[in-house]
Amino acid sequence: MSSDSEKPAEVKSEEKPTPPKPAPKPAAKAEEKPVELPAFEKGISDKLIEKFGDKVDIDFVKEDRVGIRTSKENVHDVAQFIRDDLHYDHAESVSGVDFPADNEIEVVYHLGSYTESSLAKQVLTLTTRAPRESNPIPGQDSTKLPSLRDVFYSVEFGEREVFEMLGVYFDGHPDNRRLLLPEDWADLPPLRKDFAIKGR
Amino acid sequence: MTDIMPPGLALKKVDERIMTLNVGPQHPGSGHMRIVVQIDGDYIVACDPDPGYVHRGEEKMAEYRNYITNVPHLERPVIHDSCNVLYPYVLGAEEILGIEVPERAKYVRVICSELNRCIYTMYWLAIYGIFLGHSTMFMWPAGDRELLIDLMEKVSGARVTHAHFIPGGVRNDLPANFEDVCLRQVNYFEKRIKEYAAVFYDNPILISRTQDTGVLSRENAIRYGVTGSVLRASGVDYDLRVKAPYDVYDELDIHTNVMKEGDSYARSRIPWLDMIESCNIIRQALQKMPKSGSVRAKLKPNPKTKGPATVYKRVESGRGSLGCYIVSDGKPEPYRVKMSVPSFRNLLALPNLLIGEKLGNMPSVYWSLNYWPVEADR
C-alpha cells in the first residue's frame, strides 16, 4: 500500500474550534488575537511568518484551516515555499472574488496535501489581489497576476476559469484560452459584480 | 482563414498524417462536452477538452438568493448526487449562520449521502457499460438503482432532486418504519451489486479492453490534483470521510478502497467497491442513529449571518472531494459561492491520459475518470 496510508493525522488532539474570525480583510497578525489558536495550524503559520516576515499576512488560523494573504509580487515565492517546505502538493480550487469597493479582484487558492499524512485534514488558503479596471479588456489591462501553474500543475484549469470569469490574466500560464464561456463572449467577465443578471 | 476562426476550431495542419477530430458535444461518447483530438492513424497524439456547453452560472445565481433559497438550485449540477452536492454548501452556511445541527439530523444526512453516492455510481456504471457496448451493464444498474431511488423518494418526496439538506439539518424526518425498509433494500442491493462481478468486472473482454489503458501514475495523480476514485485507483489512500471526517463520519468504521494499477479498470472498479462500503456505512448509521429527536434547527425564512466571514468546507461526494467556498459580507445573501467540483479537477487528467491511446479506448478512459459534464461546468 502507499506510503501515506501508514498513520492517521496526529493533529487531532488538543484543538479547540475557534469561533469564525470576522472581517475578510485582515491586518492583525496571528499573535495579537486573544483566542487560543489550534497548535498545529499555528505552527504552519509561524513557519510562514518566520520565512517571509511582513511579506505575508495571516488571514485566519482555525481548526484545519490556515489562511494567508500576500501581495502579487511575492505570491510565487510563497507558493514555492508552501510546496517545497510545507509539503502541500496540489490545489483544490482557484476562486476569484470581485471587490469593486476596494478596486481589487481577489484570487484564492485552496491548497491541500495528499502525500503528507499530518496535513490530510488541512487546507491552506493562499490569497492575493490584483488591481481592478472599471472598463476591463481581459488580458490587456493591468489586472494581471503571476501564474502558479509551474508550482502547482493542478491550477491549470482553475486559472483559465478565473481568467474568463473575472478577467484576471495569469502571466506565465501556458494556455490562457477560454474554458467554459463561448468563444464569442464579448460582454464583461460574468462573475464581476458589475455584470448584473437581467431583471435583478 | 485560420486566423479568424475561434480558438479550438482552427485546423492546424501539422502533418499530412495528423487528422483533427471533434468528438462531441452531441456525440453520445462525450457527454455534454467536446473533446478535440488529433489522431495519427488510430492513435491520439493530442487532446484538448472543451467543456462549457452546459454552463448555467450556478455561482452567479447564488449571489442573488439568500442562504435558504440557494438550496434547490445548487443541487442541480449533479441531480443524481444531489445530497452530496449540497452537503458542503450546507455545512458552510451553518458555520456562517451559526446553527447547531441536531444529532439525529447528522445521521440522517450520512444515510442520505451514502444512498445518493450509490444512486450516482449506479448511473455512472450504467453509462460506462453502454460506452463499452455492454448492454446488460446498462440495464442492470439502471434497474437496481430504482431500489434506492424509491428509498430516497420515501425520505424526501422527490426521486432525484431531493433538496433535502438544509442549513440546520434536513427538511423532513424519516418516515415511519424507514429503518426496516432501508435495511431490507440495502441488503438486497448489496447482494445484487455483488453479482456484477460475474457479468462485468471479471469479464475477460472488459479486462482486456480496460487494463493498462490510460494509466495514471501515483506521482501524476498527485500532481494533477485529481480526487476521489481516480486518486484512489492510483494508489493514494485519501478519502475525506476518513481523513477529515465531517458530521458523524468519525463515529463510523469506514474502509478506504485503494488500488495501485491506475488504469481504466482500477478506476472503474473502485466506485463499485465504494458502493459495497456505502452499504456497510448505511447499516452502521442505522444502528447508531438516535431513534427519536429533532432533525432540524429552528430557522427563520431569512436568517441573519454572524457577520463577515469566509468558509471552505469539503465532503467526499460520489466523484471525490467536493468543496464549497463561501464569502459572506454579513448580508442575507452570500457575497460569493465557489464550488470546487471533482469533475472539474479530474478533467485535467484527461488530455494527459489520452495521449498515445487508441481512439477506440477514448470512451473507456474518459468515463473512467468519473466525470460528470454538468458538474464541471456548473
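Here are some questions and answers about a predicted model with chains A and B.

Q: Why is the pairing of B:Glu63 with A:Lys193 called a salt bridge?
A: The name needs a side-chain nitrogen of Lys or Arg within 4 Å of a carboxyl oxygen of Asp or Glu. In B:Glu63 and A:Lys193 the closest N and O atoms are 3.1 Å apart, so the pair meets that cut-off. Between chain B and chain A the count is six salt bridges.

Q: How do you know that A:Asp102 and A:Arg129 form a salt bridge, and where do they sit in the chain?
A: Their side chains come to 2.9 Å, N to O, and the limit is 4 Å, so the name applies. A:Asp102 lies in the loop between strand 3 and strand 4 of chain A, whereas A:Arg129 belongs to strand 5 (residues 123-131). The two are 27 residues apart, and the pair links distant parts of the chain. Over all chains, the count comes to 38 salt bridges.

Q: What makes up the contact between chain B and chain A?
A: Chain B gives 54 residues and chain A gives 55 residues. About 4700 Å² is buried between them, with carbon and sulfur atoms giving 57% of that area. On the chain B side, B:Lys60, B:Tyr312 and B:Tyr335 lose the most area to chain A, together 13% of what that side buries. There are also 21 residue pairs in polar contact between the two chains, both residues being at pLDDT 80 or more.

Q: Which elements of chain B supply the side that touches chain A?
A: Several helices and strands each supply at least two residues, among them strand 3 (43-50), helix 1 (58-62), helix 9 (218-224) and strand 7 (321-328). The largest share, five residues, comes from strand 6 of chain B. By class, this side of chain B has 23 nonpolar, 10 polar and 21 charged residues.

Q: How do you know how helix 3 and helix 4 of chain B are placed against each other?
A: Two packed helices are described by the angle between their axes and the distance between the axes. For helix 3 (residues 82-97) and helix 4 (residues 103-131) of chain B, the axes come within 8 Å and cross at roughly 145°. Residues making the contact include B:Tyr87, B:Val90 and B:Leu91 of helix 3 and B:Arg109, B:Val110 and B:Asn116 of helix 4. By class, the contact has six nonpolar, four polar and three charged residues.

Q: Why are strand 1 and strand 2 of chain B said to pair?
A: Pairing asks for at least two bridges between two strands. Strand 1 and strand 2 (residues 34-40) of chain B have six bridges, in the antiparallel sense, so they pair. As one example, B:Ile18 has B:Asp40 of strand 2 as its bridge partner.

Q: Which strands form the open sheet of chain A, and which are at its edges?
A: Five strands form this sheet in the order 1-2-5-4-3, and the pairing is mixed. Its edge strands are strand 1 (56-62) and strand 3 (90-99) of chain A. Strand 1 and strand 2 (residues 65-70) of chain A pair in the antiparallel sense over six bridges, and A:Val61 stands opposite A:Val66 in strand 2. Helix 3 (residues 156-166) of chain A packs on the sheet, touching strand 3 and strand 4 (104-112). The direction of helix 3 makes about 10° with that of strand 3 of chain A.

Terms used
Residues are numbered from 1 along each chain as its sequence is written. Chains are lettered from A and ligands numbered from 1 in the order in which they are written. This is a predicted model: local features need pLDDT of at least 70, side-chain atom pairs count only at pLDDT 80 or more; totals for chains, interfaces and linings use all residues. Side-chain values use heavy atoms; hydrogens and water are left out. Contact means heavy atoms within 4.5 Å. Buried area is the accessible area (1.4 Å probe) that two parts lose on being put together, summed over both. A polar contact is a pair of N or O atoms within 3.5 Å; within protein, one must be able to donate a hydrogen and the other to accept it, and residues adjacent in sequence count only if both atoms are side-chain atoms. Helices (H or I, at least four residues) and strands (E, at least two) are DSSP runs, numbered from the N terminus. Ala, Val, Leu, Ile, Met, Phe, Trp, Tyr, Cys and Pro count as nonpolar, Asp, Glu, Lys and Arg as charged, and the others, Gly among them, as polar. Axes are lines fitted to C-alpha atoms, for helices over the stretch in contact, and angles run from 0 to 180 degrees between N-to-C directions.
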